[in-house]
There are 6 protein chains.
Amino acid sequence: MTDNPTPISGMELARYSGHATFMRLPHIPLDRDEGLDVALFGLPWDGGTTTRNGSRYGPRQIREMSTLLRSFHPTFRLNPYQIARIADVGDAPTNPVEFETTLRQLQDFIARITARGTVPLAIGGDHFCSFPMLRVLGRERPLGMVHFDAHTDMYDHYYKNSRYTHGTQFRRAIEEGLLDPKRVVQVGIRGTAFSEDEHDWLFAQGVRHIGMDFLRDNGPDAVAAEIRAVLGDGASYLTFDIDALDPSCAPGTGVPEIGGINTYEAQRILRGLRGLDLVGADLVEVVPALDQSGTTALVAANLAFEIMCLLADRAATRKTAG
Amino acid sequence: MTDNPTPISGMELARYSGHATFMRLPHIPLDRDEGLDVALFGLPWDGGTTTRNGSRYGPRQIREMSTLLRSFHPTFRLNPYQIARIADVGDAPTNPVEFETTLRQLQDFIARITARGTVPLAIGGDHFCSFPMLRVLGRERPLGMVHFDAHTDMYDHYYKNSRYTHGTQFRRAIEEGLLDPKRVVQVGIRGTAFSEDEHDWLFAQGVRHIGMDFLRDNGPDAVAAEIRAVLGDGASYLTFDIDALDPSCAPGTGVPEIGGINTYEAQRILRGLRGLDLVGADLVEVVPALDQSGTTALVAANLAFEIMCLLADRAATRKTAG
Amino acid sequence: MTDNPTPISGMELARYSGHATFMRLPHIPLDRDEGLDVALFGLPWDGGTTTRNGSRYGPRQIREMSTLLRSFHPTFRLNPYQIARIADVGDAPTNPVEFETTLRQLQDFIARITARGTVPLAIGGDHFCSFPMLRVLGRERPLGMVHFDAHTDMYDHYYKNSRYTHGTQFRRAIEEGLLDPKRVVQVGIRGTAFSEDEHDWLFAQGVRHIGMDFLRDNGPDAVAAEIRAVLGDGASYLTFDIDALDPSCAPGTGVPEIGGINTYEAQRILRGLRGLDLVGADLVEVVPALDQSGTTALVAANLAFEIMCLLADRAATRKTAG
Amino acid sequence: MTDNPTPISGMELARYSGHATFMRLPHIPLDRDEGLDVALFGLPWDGGTTTRNGSRYGPRQIREMSTLLRSFHPTFRLNPYQIARIADVGDAPTNPVEFETTLRQLQDFIARITARGTVPLAIGGDHFCSFPMLRVLGRERPLGMVHFDAHTDMYDHYYKNSRYTHGTQFRRAIEEGLLDPKRVVQVGIRGTAFSEDEHDWLFAQGVRHIGMDFLRDNGPDAVAAEIRAVLGDGASYLTFDIDALDPSCAPGTGVPEIGGINTYEAQRILRGLRGLDLVGADLVEVVPALDQSGTTALVAANLAFEIMCLLADRAATRKTAG
Amino acid sequence: MTDNPTPISGMELARYSGHATFMRLPHIPLDRDEGLDVALFGLPWDGGTTTRNGSRYGPRQIREMSTLLRSFHPTFRLNPYQIARIADVGDAPTNPVEFETTLRQLQDFIARITARGTVPLAIGGDHFCSFPMLRVLGRERPLGMVHFDAHTDMYDHYYKNSRYTHGTQFRRAIEEGLLDPKRVVQVGIRGTAFSEDEHDWLFAQGVRHIGMDFLRDNGPDAVAAEIRAVLGDGASYLTFDIDALDPSCAPGTGVPEIGGINTYEAQRILRGLRGLDLVGADLVEVVPALDQSGTTALVAANLAFEIMCLLADRAATRKTAG
Amino acid sequence: MTDNPTPISGMELARYSGHATFMRLPHIPLDRDEGLDVALFGLPWDGGTTTRNGSRYGPRQIREMSTLLRSFHPTFRLNPYQIARIADVGDAPTNPVEFETTLRQLQDFIARITARGTVPLAIGGDHFCSFPMLRVLGRERPLGMVHFDAHTDMYDHYYKNSRYTHGTQFRRAIEEGLLDPKRVVQVGIRGTAFSEDEHDWLFAQGVRHIGMDFLRDNGPDAVAAEIRAVLGDGASYLTFDIDALDPSCAPGTGVPEIGGINTYEAQRILRGLRGLDLVGADLVEVVPALDQSGTTALVAANLAFEIMCLLADRAATRKTAG
């Protein structure tokens, strides 16, 4: 096996240069199997979006802004690209006018990654993109999940009877047995609701909420501890909707909710999740047209790097353990 | 019958006041039949969009910017609201995650308008929204059509076999007999193409093109004359994709093409179309998120007013003639 | 009496559809008395603005962004539209070139609302718009007031002797006996000052300040408690200048001051005010041209909803009590 | 008398340096009489604005963007600062909350300039600012005027009876005998109108219009010739509302109208006016908040320079002749 | 030799997908010689910029926007990627803090391309980037040049004695014998000048100007004819400064000048240059930060495609001829 | 000695008026020695920038936004302009294409200020501008330094061997003996790093770090105390890179890092530094093109005022003591 793929360093080639892959990693197409530990890729699809759309351009803008990043994590004291084999494997094919077709295409693309034992890290796209991820990753046993979001995405349906949207995908995942609701925790839920009973179903399933008052009263370390308690040692998924963050930090998203998490808190909570058995992850709902400055995408790129480090650390630990 | 509905005048109530209906016209819901001659409404749907989406927010931003307009047309010397009964009848219902459902909903909404003999003027949404318009209006006999656009929207399909998109709808309309291709003229077609033969089918059908060289060499009056020659006296449809305009005039659209029509030319061509038998019209593809300044929407509102005057004038003429 | 007016739900009609009234509430003009408990309306006037103007467009943009909201308050566990009769009654007439005329027009409009026992919730406009509110509401006895703002708005005059501006209105209100200064508390005051003695007058009157250090050292619940202590049980007014918030949360305002309140804190303080006897409220100083993204207006819409819930809850409580 | 004041050259000091006076001219306050031929100054006032306000910030942004300009006019082959004494004399004092006070202040400021025989070139501010200019300059005999604008600004009143606004000022000027309507020509008038008869009064006075069709059919040289024919040899005023330009060129203004003049045409028409007896001029209605990129202000700075050259050339010619 | 590299078609993979190489061409690094006819690459350097900098980000944004393009040229009736071997070979290395170092690096990079007989098409960067291009391409004999620009870039020096800047590079090129001034034509020169004599030197050398008046009076075909007359059959270079265009078309550049070329004219002139012996070309001075909407970059991508077609056509013709 | 220079008050002349010097202070050129205690000036240079450049326009935009400020500090209870002689002395000359030349020019400019005993407060420009400041101020003995920044700026070199950049200047300063590393403290350091050992050198020198975890866990007062402990009584420098702040507060900078300091914290820490022996200061890295709204510049202007008050207070104290 060859050396690990590594990003081009800003010390070598000025950061404004070169094609905009994630952090200027090598692009390794799926058909060139290189035994990756972690694969980053785009799911540029917003077919499940009920309001302000455009997250299909999320992967491209996040990659663009990721070129400002360097490779060494200052708190974990690790360079994920040194301890694990990681590449940007490109984007899944999608068909913006055909929902069912695209759902299949995404599942196929993700399954090709996981078939090799590679851990997938997806960049959305809207939050419905978590659904094909879970269909592939939760196929054999239900997963735990830590879910950063302003919204539960566990409605039964939208409109008359639309059951597959970016607001319902996690109810579908629980119904399909892809998630174990007792090992699901939602962080950052807030904002106005449709109705009084809108959380009844999910609480009945055993889903846990960590709200903003808990975070502000107890701090991010307590949040991380709570997440760890809910997820335990089992295989788990991490999903990060950028609207978990406050609009001051991430205005470029479809349904921002005020009173949200700031980026420091997000980093500190994520840093508290080291050691969890994360088998896949995504970061979704960045809408570039709603923040052409790229600030939201820069935030997303940084959080994707945080998640990347969690996944690389897990891969390295398992190799050592193995 | 009561007095004609009229917009609130900026002389009466400052233009920054009041709810943003089109030009601050009264909102008259469809279920309150008031014998309208022309109904303006939104088709806030971008389910057929293959690139930069978001035109679902077009109707709202165009209405917002339309509040800067006054009611009297300076060249036609007419106030459409004095000579015809016109209102803003709101938006068609849509379902952003279900293509077929929405297509049916749009057709139903439009059919309810035309059932009363009202001429529909739709604000998109993406260009696929023309398709339900034609399904309703061209049901009984094929229509002529003047089509302002940078693109033909007459591809056979996108991707493997996606036949219903905002780039294929007019081929479908010809195939369904909703349009008479020999009475179809496309104005402003330009930009890079997919392939050498991409116009073969449409030219074989008899569709005519008026390109930018013709416009710039012969001027807008010659273009209007050519359009009139193609459409003749028969019932016709007018569709205006905002990307017919140059990006300097209308940057807020999904697929802008440089070297386009400017707003003066657009106005002068439209003004040359008075007297055509226009049975319906639309203006589409404004993407507010791509021009938050509202300039593109202001252009769209002005062109919608030009079209409104053509429709009102036709209504008034027919009343007089009748 | 008919059913309560209710906003169109995003579950029924996609949020990007329909005319942009506040939260897509029915528009009920003032001359159609429907026994409202609370009336939301716009005061689109910035005639008192000494710096960056344009808040006359505030009501329209706040309504536009309010269409992203849902009806149920997650903390209070109530839907204000179920417990009280509420509508969007439109905008007050204004004359942007005549100060005295507009002041009269605003007072008349507000008085027509309160004459029916309806509680007014005004969307500005600049902060001088609080003055006609107080002229109407404080006519019979001086009110208490909780005032969120970076600035005191209690200068004696601007320039040589301009006594009616958006920086002097609350001194005028105290002088006219509309406010009881001992029951006035200002939250969020900060930023550079004109002179050393600029607070002397207001402190002498008994006005209380809660500054940023107090908030950050003691937390939002302590702030709410302090406000309640100052206002007591008496009839009070709530006024929220969007510049009370930090520019990171609300850049779209005329005179932003750094080091301000964030949206979480604002929500938590407001939620601590349940039960106060609020007879009217306003939210002012959003300048859409200074934040075309709409983020500031979205924040404002959310805070207006918080205030709406306080007013609805009071109305419902009094009915029950009655 | 000392050397002429001259702008700092970009060859000497990089253009991004130095305080932003107009073209980095010396700032010479009014109380330091230096026998100027032409004085540029700001009238930062938008008290007459009926729609989107904020032109009070026009002077500052135009000065900022003017720092990109160089001093030599490429067509006239002259450097105005070599042939005439010119300076930036700062801004007139204004009171944004007092209409009458400010009108007086502006008149006084302008009168102090003209008292020394200096020709005033004002940067607005809204178009009402032309009114104090005419009150001072037209005091002794009515002036001719070339008026670039999308709107006539000759309404009788706004609202019930508001006679002093940025849409009525030139009717007032004719009524006060400050303008000779037979020597007034309006260039670029277009857009929707309030009513059929809205031009009756002004045409009856003898005011001439040069519309967009004339410009596009006959070209800018014919427009210049027509203007010269109307103005003749008499003392005349030049006023340029930035909305005479198309929104593609100048989006940053309160009431943009599509189908307007482009910047090439504007330059070529202005260049055709050399030799007219221009006793004063203004450029108005730039609203910085509506175009934070500064493009509109850059256009304005360039057109102000064109006008400056006309005024300097006149001054130089008269000295030579004298 | 393998099949020609071709862009990914929007018919195959939705345009919002995939890494942003130019038009989604394959990225072929320089060290993988594939016998290219034309190589597109970035020169991301703005070290010669005297005013508003940031064109170092030009290549990346132009590539991003180029993903909206299709491969077939509608007027030439050709697909450059079918008739010639073309790829995106990435970016030249640069050192933003060392002028001399970078100049050498650029020359080396370009020389590696031309060493294989590949025609270079560079995307800037600022206009000084033309200088290393000419140093390599004009080494053996002076070239002719068609130069689109608002500025001559033939000053002797900036500041005290800075001879290498983006305003002086073409004088250096003439002095070094890289250009034959009698075969150099500058199109679009306009705007204010530093001094009366600033064109004396270049006219004395025999450089020709085609100004805006000539273009508007005679049309773009006459301009193309004039260019062809100046360049003749000899080897020539094409350089396009985006500020040749009007700011309404291309606001995102350091020193925009009003009254410029529009995109239709630019396309028509470029299309008139088919058959010239173009041995290299560049497109420069796009500053992404000054137009985050990407419109300027989209214009640039389209013009780069026009130039690409000229270069491909030349390559194909020579192969056939050979 | 004449009266102290003072800013124009917003009570006297509306804030949107007058030339944009810092806070509308008098502009006093360097050659007019007026015995200033503190001189504010611009160092408009970004020649050391390795990524997103454009901070050369920082001084102008910061001055523009500073016109919103008033003169009295609300916490210190002082007006710096009353207790010290302060003016805006303009910008240092720079040459954007010559690194060495400019470095010399900056040193000369700064030395002319300090030669009179005036304390310099520089507005950048990029962070390399601190280097000429230290070359002048640290000439006689090494200074202590409090350094607000997301980055250490203590790399050895960029690229092959570029030792003078905006990421290396403080290592150079230590090497040259301008700083005493044991009295240097860096506040806000965070973000991804190039390598594991990148802090080894600086920690070995004795430089101290105060990270975000310390700030959030201990609060701003503890940070201020820590800074005071490190700096002690010795002569010290204060440098504030705007990217010390979170991107939500200051998006307009070249390399924003999430999880940063907010403006309240920045103010409170700065306010805790009263009494330190600050012999000079700078505020750098505002890139106007990356935040055309001016919010970042407004933040910078406010922080510059905080620093100004520290410097004025020191000057006044020393006079009294003297």
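Guide: Keep in mind that this is a predicted model. The largest nonpolar core has 215 residues. Val38(E), Ile307(E) and Val38(F) touch the most other members.

Visitor: What does Val38(E) touch, leaving out residues up to four places away in sequence?
Guide: Val38(E) touches Ala84(E), Ile86(E), Thr118(E), Val119(E), Leu121(E), Met308(E), Leu311(E), Ala312(E) and Ala315(E).

Visitor: Why do such residues end up together?
Guide: Nonpolar side chains tend to be buried together in soluble globular proteins.

Visitor: New topic, sheets. In what order do the strands of the open sheet in chain C run?
Guide: The order is β2-β1-β3-β8-β7-β4-β5-β6. That is 8 strands, and the pairing is parallel.

Visitor: Which strands are at the edges?
Guide: β2 (86-91) and β6 (208-210) of chain C. Each pairs on one side only. From one strand to the next, the twist averages 15°.

Visitor: How many bridges join β4 and β5 of chain C?
Guide: 5 bridges, in the parallel sense. β4 covers residues 143-148 and β5 covers residues 179-187. Val146(C) stands opposite Val185(C) in β5(C).

Visitor: Which strands of chain C does helix α1 lie across?
Guide: Helix α1 (residues 58-66) of chain C lies across β1, β2 and β3. It runs at about 105° to β3(C).

Visitor: And where does α10 of chain C lie?
Guide: Helix α10 (residues 295-321) of chain C lies across β1, β2, β3, β7 and β8. Its angle to β8(C) is about 175°.

Visitor: Over to chain B. At what angle do α9 and α10 cross?
Guide: Roughly 10°, and the axes come within 10 Å. Angles under 35 degrees count as roughly parallel, so α9(B) and α10(B) are roughly parallel to each other.

Visitor: Which residues make that contact?
Guide: α9(B) gives Thr263(B), Ala266(B), Gln267(B), Leu270(B) and Arg271(B). α10(B) gives Val299(B), Leu303(B), Glu306(B), Ile307(B) and Leu310(B). By class, the contact of α9(B) with α10(B) has 6 nonpolar, 2 polar and 2 charged residues.

Technical notes: Residues numbered from 1 in each chain as written. Chains lettered and ligands numbered in written order. Predicted model: local features only at pLDDT ≥ 70, side-chain atom pairs only at ≥ 80, totals over all residues. Core = buried A, V, L, I, M, F, W, Y, C linked by C-beta atoms within 7 Å. Buried ≥ 20, exposed ≤ 12 C-beta atoms within 10 Å, placed from the backbone. Contact = placed C-beta atoms within 7 Å. Axes fitted to C-alpha atoms, helices over the stretch in contact; angles between N-to-C directions. Helix = DSSP H or I, 4+ residues; strand = E, 2+ residues; numbered from the N terminus. Parallel < 35°, antiparallel > 145°, perpendicular 65-115°, else oblique. Nonpolar A, V, L, I, M, F, W, Y, C, P; charged D, E, K, R; others polar. Pairing = 2+ DSSP bridges.
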